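Have the model open in your viewer and let us walk through it together.

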Amino acid sequence: MVVQQDEYESVTSASTISDYLNAMIESGGVSLCLAASGARPEPIVLMEQHSGEALVMDLSSVGYLLGRLQQGEQFFLRGQSQGKVLRTPLLSLTETRRTGGRFLCCSDYPVSIDVLQRRESFRAELRMGMVVSAAVVSADGESVQGELRDLSQDGCQIELPLTASGVLAEADGPLKLAYTFPDGTYFEVLGVARHQKTDSERHILRVGFRFANCTSDQERQIWYFVCEIEREAARYKKETQEDRQPSPLFEQAGRRTDGSELVGRRDIKRYATPTARRLVKVAAYLDAQLLLLKQGSDIDSRQLSRNADRVLTLHEEDREALLFASRCLSPEPLLVRHGIAVAVHLLDLVGSNMPRDVQKAIVASGLIHDLGKALVPQVVFKAPSFEATHRQAMSEHVSLLMDRLHNCQWLSASVAKAVIGGINERLDGSGYPGGLSGNDINELAKASAIVDVVEAMRRDRADRPARTAQQIYRHLLRHPHQFDPRWIKRYVEHFKTLPVGSLAHFSSEQLAWIVRLNKDGTPAEVVLAEGVEPPLRDTLGVSVRGDVFERLGRPVREVAVST
């Protein structure tokens with residue numbers, strides 16, 4: 001990335017430094033760069049700050065640099081917030097520890113933050129071998145396929161066939177730019193063509209676009225893409241690549257001969273949002289893991305770790321986008337989408353102030369907590385009436401799964417016991433597998449039980465249809481002998497009475513999915529729905545942001561949909 005150094009302004013106010021660091025933590029897009037000449041930025045996770053004392057970061061993705069950093073080599077951090085590029089002065093590591101297979105490190109606290117207003121000064125170039133397809137779509141739907149050549153926070157350059165000149169010439173406003181990364185991630189943004197250059201030998205156009213009307217969500221996504229392109233480009237530059245972790249964006253997904261993207265047997269273009277299309281890789285892992293369990297295998301430790309990290313990354317980037325995405329997986333098997341929804345909502349409810357390795361253990365445990373049901377004789381689930389023998393057989397799914405976790409040495413045993421082992425316990429002792437009651441039940445297990453029941457009741461079952469959030473809350477509150485009232489209250493206060501992922505019927509007679517909420521729980525963004533059916537790409541309409549009440553009226557009621 002090219003940076004014009006003299007455009008940085010130094011900020012020394014302690015409160016402003018703290019605000020900027022919080023913005024870098026929340027954005028999830030932070031890079032570490034060694035002070036040595038020619039060093040390239042590497043994406044890392046900035047976890048927390050202790051004002052005036054230390055920064056805490058996860059450097060697992062740059063483990064090959066730890067030796068140099070521990071010997072005192074200096075570095076700086078770079079991030080983005082609200083259209084500004086932020087950079088710390090030179091820092092040094094003060095502490096390093098390994099936890100759960102990850103490297104958690106502390107550095108000294110920056111005495112200033114350098115701020116760069118010109119976002120376009122940073123430009124990430126794709127090297128040979130890094131292929132990101134880019135389609136340019138006109139207002140009337142005419143599409144031209146090309147390749148992304150570079151990307152900045154402010155715009156991009158795309159190589160297109162010469163035939164694209166007609167589409168560009170006829171455009172009287174922004175064009176839709178649609179990117180598809182090798183892992184299947186799909187992203188759309190509007191752009192205005194600013195310049196073009198013809199390469200007559202290769203019969204292509206190089207067209208520079210400036211982004212238009214970007215939302216804050218799109219800006220966060222673009223910054224993430226810029227950082228990941230930089231990470232992958234750094235791998236291509238090195239003579240030996242084994243010590244650098246690849247960017248997940250450039251891991252090849254399965255492909256079909258008709259050109260549509262596949263993950264396993266899934267056509268990811270069916271899924272409603274970019275985050276849902278990335279979450280499909282987690283679903284594909286869980287589906288494959290179900291089959292392996294049935295064939296006698298243990299839980300794949302490496303894959304579970306990798307996919308728990310995927311969920312954490314998505315949550316760090318945009319928690320509400322992930323919450324909505326967890327409702328957009330209706331084509332997936334029930335155990336798969338239930339596990340993902342439990343993992344996502346449990347992380348969001350309890351994980352905010354926990355160390356990252358504990359968050360990861362919570363996510364991993366939530367993802368797999370019900371997979372043991374694949375090991376129970378399926379006749380149990382098909383029985384017309386649920387008798388004591390059926391209940392006993394079904395309860396064994398917990399121990400059957402726990403026995404398959406031997407290889408997951410990184411997974412906290414206490415977290416797995418609380419989530420997997422305690423999610424079905426009840427305060428009155430009526431739960432399983434231990435029949436625990438009252439204070440014998442772990443607090444995390446009590447919270448897990450609430451999340452599990454909410455997610456289960458939001459979906460159709462043979463003996464009842466899906467319920468709305470209000471109906472589920474009333475059910476929980478009517479059973480204080482089974483579910484901890486404190487956790488019920490925390491759940492409702494956290495996710496609100498009309499949660500993200502709810503289908504609402506507005507006073508204008510319009511149906512719309514809740515995508516984002518204001519702090520008071522009112523809709524901040526919704527996506528119009530064509531009918532009462534799960535959200536997929538071909539069932540959703542336009543997005544309404546900011547003035548939801550003015551355009552749609554007030555939400556009258558929630559409509560139950562099995563997602």
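**A walk through the chain**

Glu-317 sits in helix H6, which covers residues 301–317; helices here are DSSP runs of H or I with at least four residues, strands are runs of E with at least two, and both are numbered from the N terminus. This is a predicted model, in which local features need pLDDT of at least 70, side-chain atom pairs count only at pLDDT 80 or more, and totals for chains, interfaces and linings use all residues. Residues are numbered from 1 along each chain as its sequence is written, and side-chain values use heavy atoms, with hydrogens and water left out.

Is Glu-317 buried or exposed? Its relative accessibility is 8%, so Glu-317 counts as buried; the cut-offs are under 20% relative accessible area for buried, over 50% for exposed, and partly exposed in between, using a 1.4 Å probe and protein chains only. The side chain of Glu-317 makes a polar contact with the side chain of Arg-278, at 2.8 Å. Such a contact is a pair of N or O atoms within 3.5 Å; within protein, one must be able to donate a hydrogen and the other to accept it, and residues adjacent in sequence count only if both atoms are side-chain atoms.

Now turn to helix H8, residues 334–350. Of its 17 residues, 15 are buried.

What does Ile-340 touch, leaving aside residues up to four places away in sequence? Its partners are Leu-279, Val-282, Ala-283, Leu-286, Leu-329 and Leu-367, where contact means heavy atoms within 4.5 Å. Ile-340 is also among the residues with the most contacts inside the largest nonpolar core, along with Leu-279, Ile-299, Leu-367 and Ile-368. That core has 92 residues; a nonpolar core is a set of buried Ala, Val, Leu, Ile, Met, Phe, Trp, Tyr and Cys residues joined through side-chain atoms within 4.5 Å.

Cys-33 counts as buried because its relative accessibility is 9%, and Cys-328 counts as buried at 0%. The structure holds zero disulfides, a disulfide being a pair of cysteine sulfur atoms within 2.5 Å.

Next come some backbone details. Tyr-432 and Pro-433 are joined by a cis peptide bond, with omega about 10 degrees. Pro-433 belongs to the loop between helix H13 (413–419) and helix H14 (443–457). Lys-496 is not a glycine, yet has a positive phi of about 75 degrees; this residue lies in the loop between helix H16 (485–495) and strand S20 (503–506). Glu-509 also has a positive phi, near 75 degrees, and is found in the loop between S20 and strand S21 (511–517). Lys-496 is partly exposed because its relative accessible area is 24%, while Glu-509 is exposed, at 60%.

Finally, step back to the whole chain. There are 17 helices and 24 strands, and 57% of the 563 residues count as buried. Among contacts between residues at least 6 apart in sequence, 62% join residues at least 24 apart.

How values were computed:
The expected span of a helix is 1.5 Å times one less than its number of residues.
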